[in-house]
Amino acid sequence: CFGSLIPAGVFTYFGCGRNTTPIHWDAHDNLLLCVCGTKRLWLYPPSDSRYLYPCNDFSRSACLPFAAFPDLTAELREKFALVESARPAEVVLAAGDILYLPSGWWHCVEGSDERNMILNWWFELHPEKKAIAFGARPAESRTQAAPAA
């Protein structure tokens, strides 16, 4: 189910004091292992893209991370009205927990107050996933076209 490990895609993230990432998606499949502390994630399926106001290279969201729509100011609720339709799933990883995060899933990450650490591995898309993502059928299911008469 995984493609090749990306050697330059092995990371260690250290943090404390509720370090937080913006909402974004990665172009590679990810495995995240929580080594110490906790990490809280909000995960959004790719179908929520239309509600997350993609910006820059379209892999980042203009929306605030971990901000529930009712908690936004009136000005932000007006500016980001579509975000109310997004449906994030919350996941909390503790030491020893591992999460598979598929390519294209939007997410934001918040560390615990105390010291926290994750190991992260990025993988190329498996060839069958890549074929499906780009509109082709996997090689095993393709049929040979009959020659034209």
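Asp57 is placed in the loop that joins β4 (54–55) to β5 (60–61); here helices (H or I, at least four residues) and strands (E, at least two) are DSSP runs, numbered from the N terminus. The model is predicted, so local features need pLDDT of at least 70 and side-chain atom pairs count only at pLDDT 80 or more, whereas totals for chains, interfaces and linings use all residues. Residues are numbered from 1 along each chain as its sequence is written, and side-chain values use heavy atoms, with hydrogens and water left out.

Asp57 counts as exposed because its relative accessibility is 55%. The term buried means under 20% relative accessible area, exposed means over 50%, and partly exposed lies in between (1.4 Å probe, protein chains only). The side chain of Asp57 also makes a polar contact of 2.6 Å with the side chain of Ser59. A polar contact is a pair of N or O atoms within 3.5 Å; within protein, one must be able to donate a hydrogen and the other to accept it, and residues adjacent in sequence count only if both atoms are side-chain atoms.

**Backbone angles in two loops**

Most residues other than glycine have a negative phi. Tyr53, although not a glycine, has a positive phi of about 50°. Tyr53 belongs to the loop between β3 and β4 and is partly exposed, with a relative accessible area of 22%. Phe66 is likewise not a glycine and has a positive phi of about 55°. This residue, Phe66, is found in the loop between β5 and α1 (74–79), and Phe66 counts as buried because its relative accessibility is 15%.

**Nonpolar cores**

In soluble globular proteins, nonpolar side chains tend to be buried together. A nonpolar core is a set of buried Ala, Val, Leu, Ile, Met, Phe, Trp, Tyr and Cys residues joined through side-chain atoms within 4.5 Å. The largest nonpolar core has 14 residues, of which Ile23, Tyr44, Leu52 and Val83 touch the most other members. Two or more residues of this core come from each of β3 (38–44) and β8 (106–111). Apart from it lies another core, of nine residues, including Leu32, Cys34, Leu101 and Val109.

What does Val83 touch, not counting residues up to four places away in sequence? Its partners are Tyr51, Leu52, Tyr53, Cys63, Phe69 and Leu72, where contact means heavy atoms within 4.5 Å.

**Salt bridges**

Side chains of opposite charge can pair when their charged atoms come close. A salt bridge is a side-chain nitrogen of Lys or Arg within 4 Å of a carboxyl oxygen of Asp or Glu, and by this rule the count comes to five.

| Residue | Partner | N to O distance |
|---|---|---|
| Arg18 | Glu110 | 3.8 Å |
| Glu90 | Arg40 | 3.0 Å |
| Arg40 | Glu110 | 2.9 Å |

Arg18 is partly exposed because its relative accessibility is 41%, whereas Glu110 is buried, with a relative accessible area of 13%.

The pair of Glu90 and Arg40 links strand β6 (residues 89–94) with strand β3, 50 residues apart. Glu90 counts as partly exposed at 47% relative accessibility, and Arg40 is partly exposed, with a relative accessible area of 23%. The pair of Arg40 in strand β3 and Glu110 in strand β8 links parts of the chain that are 70 residues apart. Arg18, Arg40, Glu90, Glu110 and Asp113 are linked in a network of salt bridges.

**An open sheet**

Strands of a sheet pair through backbone hydrogen bonds, either parallel or antiparallel. In this model, four strands form an open sheet in the order β1-β9-β2-β7, and the pairing is antiparallel. Two strands count as paired if DSSP finds at least two bridges between them. Which strands stand at the edges? They are β1 and β7 (98–101), each of which pairs on one side only.

Strand β1 is joined by seven bridges to strand β9 (residues 116–123), and the two run antiparallel. Val10 stands opposite Trp121 in β9.
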